[in-house]
Amino acid sequence: MNAPVTGAFHDLARIQGRLDRTPFNAWLALRAVYASPDGVLFELEARQEFVSTPERQIVHGGVLASLLDAAAIYAVITATGCLQTTVDLRVDYHATAAVGLLRARGTLVRLGKSLSCSDARVEDEAGKLVASGRGTFLNIGLPA
C-alpha cells in the first residue's frame, strides 16, 4: 500500500449494514464474510432470477461483474474507511457459473490519495474460478 491507511473500516456488521443500505446490493443479497486491511470476502446465493439462459441454468455475466465490482470496491473501502466510486472495471469470464453459492474475494493492489486499485475473483462453491477483474476507484471523501 502506497498511502497511509486512515479510518479503516473492518467491522463485518458495519460493512454488512453499508451493503444492505444500497438497494442493488441488498437485492443481490451480498453477505460480508471477512474483512481485513488487505481485502474482503463476500458470498451470495445465485438465485433463479440471476439466470441468463434458462435451458442451461447459467448465472448472467452482469451478476458476476456486479459481484466483482462490489468485492473490489469494498477492498478499498475497508482500507480507507471512505466511500468510493468506480472509475474503471475490467472483467474476465473464465467459466460458467451455475445457480448456487458464489464467493468473491477483493484484494487491494494500490491505495492512493484519490485513486486506488484492487483485484477481485469470483469462485463457485467448488472453488472453480468463474470470473476475475480489476477496478480503479475514486475516493469521494465521505466516510463509510
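**Close-up views of a nonpolar surface patch and aromatic contacts**

**View A. Leu115 in its surface setting.** Leu115 has a relative accessible area of 40% and is therefore classed as partly exposed, a value that, like every other given here, comes from a predicted model. The residue is found in strand β7, which covers residues 115-124. On the surface, Leu115 belongs to a nonpolar patch that it forms together with Val87, Leu138, Ile140 and Leu142, and the accessible area of these residues taken together is about 410 Å². Strand β8, spanning residues 129-143, supplies the largest share of this patch, namely three residues.

**View B. The aromatic pair of Phe42 and Tyr74.** Three aromatic pairs are found when the whole structure is searched. In the pair of Phe42 and Tyr74, the ring centres lie 5.5 Å apart and the ring planes meet at 65°, so the arrangement is edge-to-face.

**View C. The aromatic cluster around Trp27.** Phe24, Trp27 and Phe50 form one aromatic cluster. The ring of Trp27 is also the site of a contact with a charged group, as the charged end of Arg47 sits over this ring at 5.3 Å from its centre.

Notes:
Residues are numbered from 1 along each chain as its sequence is written. This is a predicted model: local features need pLDDT of at least 70, side-chain atom pairs count only at pLDDT 80 or more; totals for chains, interfaces and linings use all residues. Side-chain values use heavy atoms; hydrogens and water are left out. Patches are made of residues with over 30% relative accessible area and no salt bridge: like charges are joined within 9 Å, nonpolar side chains (Val, Leu, Ile, Met, Phe, Trp, Tyr) within 5 Å. Accessible areas come from the Shrake-Rupley method with a 1.4 Å probe; for residues, only the protein chains shown count as cover. A salt bridge is a side-chain nitrogen of Lys or Arg within 4 Å of a carboxyl oxygen of Asp or Glu. Helices (H or I, at least four residues) and strands (E, at least two) are DSSP runs, numbered from the N terminus. Buried means under 20% relative accessible area, exposed over 50%, partly exposed in between (1.4 Å probe, protein chains only). Rings of Phe, Tyr and Trp (its six-membered ring) pair if their centres lie within 6.5 Å; planes under 30 degrees apart count as stacked, over 60 as edge-to-face and the rest as tilted. A charge sits over a ring if NZ of Lys or CZ of Arg is within 6 Å of the ring centre and within 35 degrees of the ring normal.
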